[in-house]
Each structure stands twice: as structure tokens, then as C-alpha cells.
Amino acid sequence: MTISRFLLLIFGVCLILGLMIWLITSISGLYSQIAWSAHPILANLLLLLIIILLGLLIFAFFYYTGLFKKTGKSRKKRPSNLRVPVDKASATEESLKTIRQQVDHIQDEVARQAIINRTDEISEYISRGNLKVVIFGTGSAGKTSIVNALMGRMVGKVNAPMGTTEVGETYRLQLKGLEREILITDTPGILEAGSAGSERGKLARTLATEADLLVFVVDNDLRQSEYQPLYSLAEIGKRSLLIFNKIDLYTEEDQNIILSRLEERLQAFISPEDIVSVAANPQAVILETGEQFQPEPDIMPLIRRIAKILREEGEDLIADNMLLQSQRLGEEARNLLDTQRRRQANKVVERFQWIGAGVIAVTPLPVVDLLATAAVNAQMVVEIGKIYGCELNLERGRELALSLAKTLASLGVVQGAIKLVATALQFHFGTIVIGKAIQAVTAAYLTRIAGKSFIEYFRQDQDWGDGGITEVVQRQFKLTRKDEFVKSFIQDAIAHVIEPLNLNLSEDEEEEEEDDDDDDEPKQEFNLPVKIQKRSVNPFENDWIDRDYKREDW
């Protein structure tokens, strides 16, 4: 397609050039003839007209080729394997199927069973098809009074100042002309004081997220503390009604002012027709005769609005809610699995960081040997990959480890780690410790940075992210430079590296003293901190990594 467009462009340019030469020759002759036989002004007008027509021709040609090019690009970008769910129900079933596959990998039996139960509940709810209406709001707004009025009978306590509903209570209601049964849930009040009130508020929010239709109750203008939970629920897609209750306590003028404010505050996500005024439990009136009169609840505007929404949108509300619930449950399952994998991967990193320290401690080189630590990291990469379901061979692990080692060196992380470790060890011991200890602890420190970086790599499906490997490494180095971590790390390093090195050094000194006693001739002293042990020069020549050095050795 690209070649054909290129040839078309060349042909068009040649054609235009040929036409231009012909036109110039023809126009020149015509201009001369008209100017000689008629009038020069008429000849000039004709020349201007011909130039305009030629310009339009050129513009039309390039406009066409430009559209052709854009059309080709759009076709190229369109994915061939795009799958659009037939409907929301099938999308929900697909989501539940994915969740069940994820659950098989969760080791926590309690959490696993809880997710299985939730998937069963969602599946059952889809087949049963009841409509969930959740009454939500502060404890004093009159939620229970609204439920009482909707049900036409007393189903809960009223007139208490706060906190009458401590657990979610659900009632059944059948509206005329609606086949599905309606489940009305009265939730605990939000924004109540104390730890118990906070727990009830959490329960209320959980119940609200499960609603097909949310009924948010207020008895005045919205406060900021009420607006935020309502906005959060609308943001995740909850179809909401706002109920202005206790209108019998206000004059008609005050009612209009409050309604105007509510409409203004909520215009972004709740339409004016979904803001309904009611008096669910109007105050008793003292008549002139001295008798007390109890007015009937003014609840019909709410009933009519609920009935209209459920009749017109009921099926979509159920489908939307079930899809939302399955997506939220899928996110919960992914988070559980991610937490489990990170915990396992962190154990692998901790084990290999001390193996890396051991490799450096027995390698007779004056600097940190990045090739040696990269060899250790190769096996670490393979094991972390297995945890995340990625089967890598050792060769691929070596490639990734060497790539990260080069990044560490290029960013100056190696020198920064050496300086950081040396300063921390000197501060702890009050004097400069032996160079081999600094190298070994630095190797452990670098291996930890590498391991944490690889965890992020596998968490993102073997992708370093938009910032690439550089950003991931820099972020991990920044995290490991925090004082709290450095103190804890040095304490572990003393037990895993410093003490074994000191013990090894003491044994070497004793052997040297015995040799001096047996030999009368003085020997040349070598300033080596530890006894040199023979190992393979190139750590990539064999697969010794996960067998030669074990954690219990260091």
C-alpha cells in the first residue's frame, strides 16, 4: 500500500508539471493574442482565473492523497483480535470465570474461600434477579423512617437521635407493574462518632457499593462530609437518588432554597429530577381543639421515582451492578494474589542477597564483582519468575541480570551503595572495617535492589513500565537509602556477613601463627582480609549459583 501511494504521488507530480508547462505555454499564447486583439485588462482577468483553477486542482490532489493516507493509517491501527462482549451478563460471567482461575493460586484458605463464596453469591444473584435498593446517609437524616414509609408498616425504630440501625437490615417489597422483587436495605448511619460508629460507617459503605439503586438521604443542605461518600459512589457508577427528607420542618421558601443548593452542588452527577423532597415521618400537629394530629407520610414522590427508574432501567441496573461487583471482586483476588507473590518473592530476594555477599567474600578481587553478583541474580530472576508464573531458563535470567547490572553501574548506584554501606558500617563499629566486609555487604545491598526491581518487572507482566529499567532501579535505590531500612539491613548484615568474616579471619591468623612457629625463616606478609579460596574464574561457565553458596553458610 505504501509503494502504490508513492507511485501515485510521483505520477501526480509529473502530470501536474506537464500540465503546468502546457498551460503556461498555452496561457502565454492566449494572453498575447487577447492583449493584442482585445484589451490588456481582459487578458489579466483571464490569467487570474486560470491561476485560481490551477491552484484548486493542486489543492484537490494533495487533499485526496492526504485522506487516502489517513484512511490507510486508521485501517492499520485497528486491531484484528478486538473482542467486544455481547452483553454485560456475558462480561460478568467471563469476569467470574477469571476470578475462579485466580483463586486456585491463592494459598490463604480463609481468603480463598471468602472469594469463592462471593462469586457464588454473584452467580446466584444474576439467576435470581432481585433489585437491590440501598438507603444510605447519616444516622439522623431519617433513613429508617423512609424504609418504614416505603413498606407501609413499621419495620424499624424511629425518632432516636443517632445510630438506631447497627447492621444492615433488608426488607422485601413488590411494586405493581414490576415483575422483579425489590430488596430494600436500611444501612447503619455514616459519620458517627467513636470506633463503633466508624465500623458501622464502613459496613454502610460496603452495602452501598452492592446497590442496584442508591437512595442517599439528607435532611438539609449537603455537608462536605456527606458530599464525599456520595461522589465516590457515583464515581464508581452507582445510580443514585438524593432524598431531601423532613421537609415538614421547613417553610416553602426554605425548601426551595435548599433544593436549589442541592441541584447546584450535584449537577455533575445527579439530575434535578433525581432530587426528591419527602416527609417520611412528619411531626404531629396540635389542633385548635387541643388534640394531636399525626399527618400521613409524604412519600409518594419517592415511590413514583423509584418505580419509574426500576421499570425503565431495572435490567440495566442489575447488569451494571453485577459487572461492577465482579470487577471489584476480581481486583480483590488480584490484590490477594499479588500480596502473596510479593511475600514469596521477597523471601527469595532476602535469601539471594546473602548468597551474593558470600560470593564476594570468597572472590579475591579488590572491588565489587558485578559479574559474580549478576550470576547470583540470574538464578534469583529464574526463581522470582516462577513465583509469577513465568518460566525462564537460566540463559534468559543471565541476560536480565547483566542488563540490570550494567544499569546499576551506569547510574552510579554501585559507588553510591559502597559509600552508603561503608559509612553505615563505620558508624556502627566506630572505626573503618575491613574492605572485604564492605564489599560483601555492598553486594548484598545491590542484590536486594536488583531483586526488588525484578519483582516490579514481573508484577507488570515482564515490562519495566513507561520509565524503563532506569526509573525502576532509581526508585528502589531511593527506597533502600532510608535510615530505617539501612539500620535494619546493617544489623542483618552483621549476623550474616561480618561475624562469619571475623571468625574466618581469626582462624586464618591462628594458622599463620602456627606456621611462624614451625618455620625459622621470616615470611612475607600479605595484607589479605580473608583466606583466598579457589573458585571458577568465570562464574558463567557452569550452573553453580544455587548450589555452591547456601544461606546457612553466611
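## Burial, salt bridges and a helix pair

Glu-226 counts as buried, because its relative accessibility is 3% and the cut-off for burial is under 20%. The model is predicted. Glu-226 sits in helix α7. Leaving aside residues up to four places away in sequence, Glu-226 touches Thr-138, Leu-191, Phe-216, Val-218 and Asp-221.

**The chain as a whole**

The chain has 554 residues, and 40% of them count as buried. Its secondary structure comes to 16 helices and 8 strands. Take the contacts between residues at least 6 apart in sequence: 72% of these join residues at least 24 apart.

**Salt bridges**

How many salt bridges does a search of the whole structure find? The search finds 20. Three of them are set out here.

| Salt bridge | N to O distance |
|---|---|
| Asp-186 and Lys-143 | 3.7 Å |
| Lys-246 and Asp-219 | 3.7 Å |
| Glu-471 and Arg-475 | 3.6 Å |

Start with the salt bridge between Asp-186 and Lys-143. This pair links distant parts of the chain, 43 residues apart. Asp-186 belongs to strand β3 (residues 182-186), and Lys-143 to helix α5 (residues 143-151). Are the two residues buried or exposed? Both Asp-186 and Lys-143 are buried.

Next comes the salt bridge of Lys-246 with Asp-219. Lys-246 lies in the loop between β5 (240-244) and α8 (252-266). Asp-219 lies in the loop between β4 (213-218) and α7 (224-235). The pair therefore ties together parts that are 27 residues apart in sequence. Lys-246 is partly exposed, at a relative accessible area of 26%. Asp-219 is partly exposed too, at 23%.

The salt bridge of Glu-471 and Arg-475 lies within one helix, α14 (residues 468-480). The two residues are 4 apart, so about one helical turn separates them. Glu-471 has 41% relative accessibility and counts as partly exposed. Arg-475 is also partly exposed, with a relative accessible area of 33%.

**Helices α3 and α9**

Two packed helices are described by the angle between their axes and the distance between the axes. Here the pair is α3 (residues 88-103) and α9 (residues 300-361). Their axes come within 9 Å and cross at roughly 20°. Angles under 35 degrees count as roughly parallel, so α3 is roughly parallel to α9. The crossing of α3 and α9 is left-handed.

Which residues make the contact? From α3 come Lys-88, Ala-91, Thr-92, Ser-95, Leu-96, Ile-99 and Gln-102. From α9 come Ala-319, Asp-320, Met-322, Leu-323, Ser-326, Gln-327, Leu-329, Gly-330, Ala-333, Arg-334 and Leu-337. By type, the residues of the contact of α3 with α9 divide into 9 nonpolar, 6 polar and 3 charged.

Terms used
Residues numbered from 1 in each chain as written. Predicted model: local features only at pLDDT ≥ 70, side-chain atom pairs only at ≥ 80, totals over all residues. Heavy atoms only, no water. Axes fitted to C-alpha atoms, helices over the stretch in contact; angles between N-to-C directions. Parallel < 35°, antiparallel > 145°, perpendicular 65-115°, else oblique. Left-handed = near helix turned anticlockwise from the far one by under 90°. Contact = heavy atoms within 4.5 Å. Nonpolar A, V, L, I, M, F, W, Y, C, P; charged D, E, K, R; others polar. Salt bridge = Lys/Arg side-chain N within 4 Å of Asp/Glu carboxyl O. Buried < 20%, exposed > 50% of the residue type's maximum accessible area, 1.4 Å probe, protein only.
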